[in-house]
Amino acid sequence: MTVPRALDGIRVIDFGQYLAGPLTAMILADNGADVIRVDPPTGPRWHHSVNTIVQRGKRSIALDLKNEQDLGVAMKLIAGADVVIEGFRPGVMDRLQLGPAAMTKANPELIYASLPGFGKDDPRAHEAGWEGIIGAATGHFAPGSVLPTVGATRIAEFSPLPLASVFAAFIALNAITSALIARERDGLGQTIEVPLYNAMFELIGITGQRAAEPPRKWRHAAMDIHTKTSDDRWILISLQADRHYRWFAKEFFPQDWIHSGWDDPTRLRRDGELALQVREQICQLVRTKSADVWERDVARIGVPVGICQSTREWLQDSQAHSSGAITKVVDPELGTTLQAGFPFSMSLTPPRVGSARHSLDADRQEILRELEANERLSEVSRVAVNEQASQSALDGLRVLDLTTVVAGPTAGRILAEYGASVTKINQPNYYILCHLHASSGKDSVLLDISVPEGKEVLWRLVEQADVLIHNMPGDAPARLGISEGEIRQRRPDIIYCSIDTYGPGGPRQGRRGYEPFGQAATGLLCRSTGGGPPIYKFAVCDFGTGELAASAILLALYHRMRSGQGQHVRASLVQTATFLQIPFMLRGETEANDDELEVPPFAENANRIYKCLEGWVYVYAPEAEDNRRLHAATGVGDGDQAGLERVFAGESSQKWVSRLRAVGIAALSVATVEEAMEDERAKKLGLSVVRFHPDVGEVRLTGPASRLSRTPVKLTAPTSLPGTGTQKVIDELGLSDSFSELLASGAVAERLPEDIIVLL
């Protein structure tokens with residue numbers, strides 16, 4: 001029997017080029033959509049082996065949209081579609097008579113998603129929004145955009161990670177699925193726009209947050225151990241949580257260290273010099289054993305630990321295959337390949353690869369026959385699309401968010417932006433990070449679910465909930481009595497979402513971990529240079545996993561609307577990190593064909609960062625003609641990188657941008673995150689916003705990236721301090737008379753103790 005997928009019966013027309021649009025459509029295809037890929041007769045515009053991955057599961061037709069007959073075919077395809085995806089500059093599809101306004105008027109059920117570099121309301125809408133241009137504009141390449149190991153020099157550097165494109169794809173996936181949910185309710189489609197520039201602000205996240213008061217001192221130098229082992233491998237050991245630091249100290253510190261008080265993390269926060277000394281001693285200790293031994297011994301005591309692997313190692317890793325992050329696909333040209341698998345998992349409607357990529361125009365005759373058979377669709381009477389704002393896509397749905405740190409709370413925040421009512425539950429005696437950003441739009445409740453009185457409150461909330469999210473490691477949900485089975489006894493059709501580091505199955509299932517461990521396991525740390533594999537300053541895995549957990553939840557909700565069934569969905573840091581590196585996630589299964597499938601890095605001369613007299617400049621010159629123009633502008637011969645570096649260092653970045661653009665070369669000064677957040681265009685677009693937070697004051701944060709015409713994503717209400725929603729939620733449950741008893745028992749609280757760290 002064929003296992004159903006969430007989007008069975010949905011037809012998607014994919015006009016996208018390069019990465020963002022095709023990746024969005026590929027994920028839709030893996031989840032059951034019938035995707036028809038439309039390419040020009042010359043094939044995809046990006047000639048890169050990543051097409052082996054992002055074009056899988058799609059049927060192919062080649063159309064010249066400037067040809068009247070082919071244009072007519074495109075119009076018929078759209079007339080019978082549920083979803084259209086395109087990534088051209090605003091106005092291009094309009095000039096072809098295939099734009100969102102015309103097509104949704106002709107087909108009011110249509111969901112039309114555009115993923116340009118810059119949006120239609122951006123003054124740069126006419127400019128080419130290349131990946132690197134977006135990265136330069138939003139702090140991706142700026143000095144300080146990574147956190148190297150202690151003592152390393154921070155410099156501006158080009159990163160090959162296509163973060164803007166991948167995040168735009170994640171966000172577009174959520175917008176499209178939410179629009180399908182809205183359409184299931186009222187029968188109408190809508191237009192969506194997710195510019196790559198906007199998408200980078202979702203990734204900036206807490207890095208762009210600015211408040212009147214600086215956050216409480218939380219970190220100390222010995223919290224994150226990032227060093228080499230005796231076998232010359234890099235390893236990460238996270239001692240962020242005070243209990244993890246104490247567990248590690250008890251197990252591995254010599255007695256004289258403990259007698260000296262080095263096992264007290266509170267003392268290290270007060271004494272920075274001591275923290276640096278302790279960190280160096282721990283690093284020396286780690287260098288006495290091999291990486292495998294440390295990983296085994298540290299994981300045994302429950303402390304987060306991970307070896308830094310290469311992408312090649314990850315593609316062969318049993319954890320990658322068990323989690324679904326990597327899958328095997330037999331490509332018609334390349335043979336059996338290992339490639340990026342699935343960004344999340346779903347228990348009832350698991351994603352799967354429907355087919356390997358089809359050759360260009362392979363399905364033309366089949367598609368044309370279908371259009372002829374369905375010609376009657378064009379004769380159906382259509383009603384005008386209501387472009388006015390409607391209720392939110394998730395209006396009336398309730399979410400219980402039991403997560404901590406960043407990834408899980410981000411998923412809950414995204415659901416709140418789409419209109420869900422989200423109750424954020426934190427323990428009354430545990431630290432909280434990134435509260436203002438991640439808990440925006442939620443009712444904040446301090447509830448101890450480990451005590452009977454607290455558990456009874458939870459059960460009342462569960463009985464009303466549509467979604468429950470947690471990121472507890474290992475067997476913690478079962479020990480607390482909130483495993484999927486126990487929750488489903490109270491609410492059979494609930495969407496139960498678990499978020500973790502390593503995904504389901506495999507030898508590392510259930511291990512604790514944070515942002516750096518998703519990067520380390522998958523080879524992402526090796527994508528930058530510097531003093532040892534540096535950890536990205538942007539929480540790329542955390543925010544990406546939040547988006548993808550929301551994706552899985554939205555798909556499960558859509559399936560529930562059509563089937564009445566709830567299910568268990570999962571997202572993990574390693575699955576996200578795999579997709580953040582998707583151009584590199586392809587290898588041959590065997591040594592015999594692996595060399596042929598080596599994925600080259602982006603051409604060094606095409607994407608470069610140059611230090612100028614003032615600032616840095618990003619230059620994109622991929623073609624031979626670009627190199628000739630670069631020579632004309634600089635006087636430096638082709639391939640002379642040292643000469644280019646000397647010339648660029650002689651003038652400011654702004655002067656070089658003007659000079660290079662004058663000869664047709666894409667270039668942009670490298671902005672810092674602070675400059676991106678203070679950019680007036682970002683402010684006008686609602687990507688950098690200032691809001692007043694009760695008990696905190698004015699705070700600058702990032703705003704939503706997607707634009708939906710009928711069910712717009714909303715800027716959620718600013719949150720206050722943790723616990724300020726406790727009384728409200730208890731009252732809504734009808735437990736007002738018991739509130740004082742719940743407070744006295746410790747089951748609930750309205751504020752955290754003074755000694756608990758809250759990183760707002």
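Select S8 and S28, which run antiparallel and are joined by two bridges; strands pair here if DSSP finds at least two bridges between them, and strands (E, at least two residues) and helices (H or I, at least four residues) are DSSP runs, numbered from the N terminus. Before going on, note that this is a predicted model, in which local features need pLDDT of at least 70 and side-chain atom pairs count only at pLDDT 80 or more, while totals for chains, interfaces and linings use all residues. Residues are numbered from 1 along each chain as its sequence is written, and side-chain values use heavy atoms, with hydrogens and water left out.

Within this pair, show Ala211, whose bridge partner in S28 is Val699. Strands of a sheet pair through backbone hydrogen bonds, either parallel or antiparallel.

Follow S27 (residues 688–693) into S28 (residues 697–702), which pair in the antiparallel sense over six bridges, and find Phe692 standing opposite Glu698 in S28. Which residue takes a positive phi in the hairpin of S27 and S28? Zoom in on Asp695: three residues lie between the strands of this hairpin, and Asp695 takes a positive phi near 75° there. Most residues other than glycine have a negative phi, and most peptide bonds are trans. At 59% relative accessibility, Asp695 counts as exposed; the term exposed stands for over 50% relative accessible area, buried for under 20%, and partly exposed for what is in between (1.4 Å probe, protein chains only).

Select Cys434 next, which has a positive phi of about 55° although it is not a glycine. Cys434 lies in the loop between strand S17 (432–433) and helix H18 (435–438). Is Cys434 buried or exposed? With a relative accessible area of 7%, Cys434 is buried.

**An enclosed strand**

Move to strand S20 (residues 495–500), where six of the six residues are buried, so S20 is largely enclosed by the rest of the structure. Show the side chains: Ile495, Cys497 and Ile499 point one way from S20, whereas Tyr496, Ser498 and Asp500 point the other way, and all are buried.

Strand S19 (residues 467–470) pairs with S20 in the parallel sense over four bridges, and His470 has Ser498 in S20 as its bridge partner. Strand S22 (residues 568–572) also pairs with S20 in the parallel sense, over five bridges, and here Cys497 stands opposite Val569 in S22.

**Two helices**

Select helix H9 (residues 242–252) and colour His244, Tyr245, Phe248, Ala249 and Phe252, which are buried. These residues cover an arc of only 135° around the axis, which puts them on the same side of H9; the arc is that of the directions from the helix axis to the C-beta atoms. An α-helix has 3.6 residues a turn, so residues three or four places apart point the same way. The buried residues of H9 pack against several elements, including strand S10 (234–238), helix H10 (255–259) and helix H12 (272–286), where contact means heavy atoms within 4.5 Å.

Go on to helix H7 (residues 163–186) and find Ser165. Ser165 is buried, with a relative accessible area of 7%, and touches Leu19, Ala20, Glu131 and Leu196, not counting residues up to four places away in sequence.

**Cysteines, then the whole chain**

How many disulfides does a search of the whole structure find? The search finds zero disulfides, a disulfide being a pair of cysteine sulfur atoms within 2.5 Å.

Finally, zoom out to the protein chain, which has 32 helices and 31 strands. Of its 760 residues, 60% count as buried, and the C-alpha trace spans about 80 × 65 × 55 Å along its principal axes.
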